[in-house]
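Keep the view open as you read.

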Amino acid sequence: MTSFMAAVSAGVGGPAAGLVAAARWRINVTANNGDANYINMVGVTFLNDVGADVTDGATYTSRSNIAAQVPANGFAEWIGPTIGHWSCDVLSASGGYPQWLAFEAATAVTPLTFTIVGVRDPARMPQDFDVQYSDDGTIWTTLQSYTGETGWILDGTDIRTFTIQ
């Protein structure tokens, strides 16, 4: 928690300058780490200025998903290497890049950080992605881009935290 508070110390008592409040947020993946077919994510959380997960109780969606590996699983806690994660097929009829995992909160939220947990296969984890928000669910604005996320460890201990600036 110390690193989280240090990262948002400028925003204590309210959102840091430059951040926006919106009800709809997503991670828009533009490349994985080399798998020709799939992207996987689990343990996705978006935290506000007091460290609360603003995805709790939200509605979860994605561009596509594989069978039981539904969007809500992407926001769930990692429980094992073969179950409990979101997965999409980038080669399916609704596939191709980008692929996204999104949530819609009941009211506008201002996340300051987000996390992704390493799961399944390192080649399937996001490498290049954007954090985007929307007021209407149709027009999305990129708030920040992240590139070169490699070397994922897949035992549920690789919890990567990203600052939204």
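Q: Are Phe114 and Phe129 buried or exposed?
A: This is a predicted model, in which local features need pLDDT of at least 70, side-chain atom pairs count only at pLDDT 80 or more, and totals for chains, interfaces and linings use all residues. Residues are numbered from 1 along each chain as its sequence is written, and side-chain values use heavy atoms, with hydrogens and water left out. Buried means under 20% relative accessible area, exposed over 50%, and partly exposed in between, with a 1.4 Å probe and protein chains only. By that rule, Phe114 and Phe129 are both buried.

Q: Which kind of aromatic pair do Phe114 and Phe129 form?
A: Rings of Phe, Tyr and Trp (its six-membered ring) pair if their centres lie within 6.5 Å; planes under 30 degrees apart count as stacked, over 60 as edge-to-face and the rest as tilted. For Phe114 and Phe129 the centres are 6.2 Å apart and the planes stand at 80°. The pair is edge-to-face.

Q: Phe114 and Phe129 tie together parts of the chain that are how many residues apart in sequence?
A: Helices (H or I, at least four residues) and strands (E, at least two) are DSSP runs, numbered from the N terminus. Phe114 lies in strand E6 (residues 113-117) and Phe129 in strand E7 (residues 126-134). So the pair ties together parts whose separation in sequence is 15 residues.

Q: How many aromatic pairs does the structure hold, and which pair links Phe75 to a strand?
A: The structure holds eleven aromatic pairs. The rings of Phe75 and Phe103 have centres 6.0 Å apart and planes at 80°, so this pair is edge-to-face. Phe75 lies in the loop between helix H2 (71-74) and strand E4 (86-89), and Phe103 in strand E5 (residues 99-109), so parts 28 residues apart in sequence are tied together. The total is eleven, and the pair is Phe75 and Phe103.

Q: Which residues do ring pairs link into a cluster?
A: Phe75 and Phe103 are both buried, and both belong to the cluster.

Q: Which residue lies over the face of Trp152?
A: A charge sits over a ring if NZ of Lys or CZ of Arg is within 6 Å of the ring centre and within 35 degrees of the ring normal. Here the distance from the ring centre is 4.0 Å. The residue is Arg160.

Q: Which residue in E5 stands opposite Tyr60?
A: Strand E3 (residues 59-62) and E5 run antiparallel and are joined by four bridges. E5 also pairs with strand E1 (residues 22-32), in the antiparallel sense over seven bridges. Opposite Tyr60 stands Phe103.

Q: What is the bridge partner of Tyr133 in E8?
A: E7 and E8 run antiparallel, joined by five bridges. In E8, the partner of Tyr133 is Thr141.

Q: Why is one side of E4 and of E9 left without a neighbour in the sheet?
A: The open sheet of four strands has the order E4-E2-E6-E9, with antiparallel pairing. E4 and strand E9 (159-163) stand at its edges, so one side of each has no neighbour there. The reason is that each has a single partner strand.

Q: Which residue in E6 stands opposite Val42?
A: Strand E2 (residues 38-47) and E6 run antiparallel, with four bridges between them. Opposite Val42 stands Val117.

Q: Which peptide bond is cis, with omega near 0°?
A: Look in the loop between E4 and E5, where Pro98 has its place. The cis bond runs from Tyr97 to Pro98.

Q: Ala67 has a phi near which value?
A: Ala67 is found in the loop between E3 and H2. At 68% relative accessibility, Ala67 counts as exposed. Its phi is positive, in a residue other than glycine, and near 35°.

Note on methods
Two strands pair if DSSP finds at least two bridges between them.
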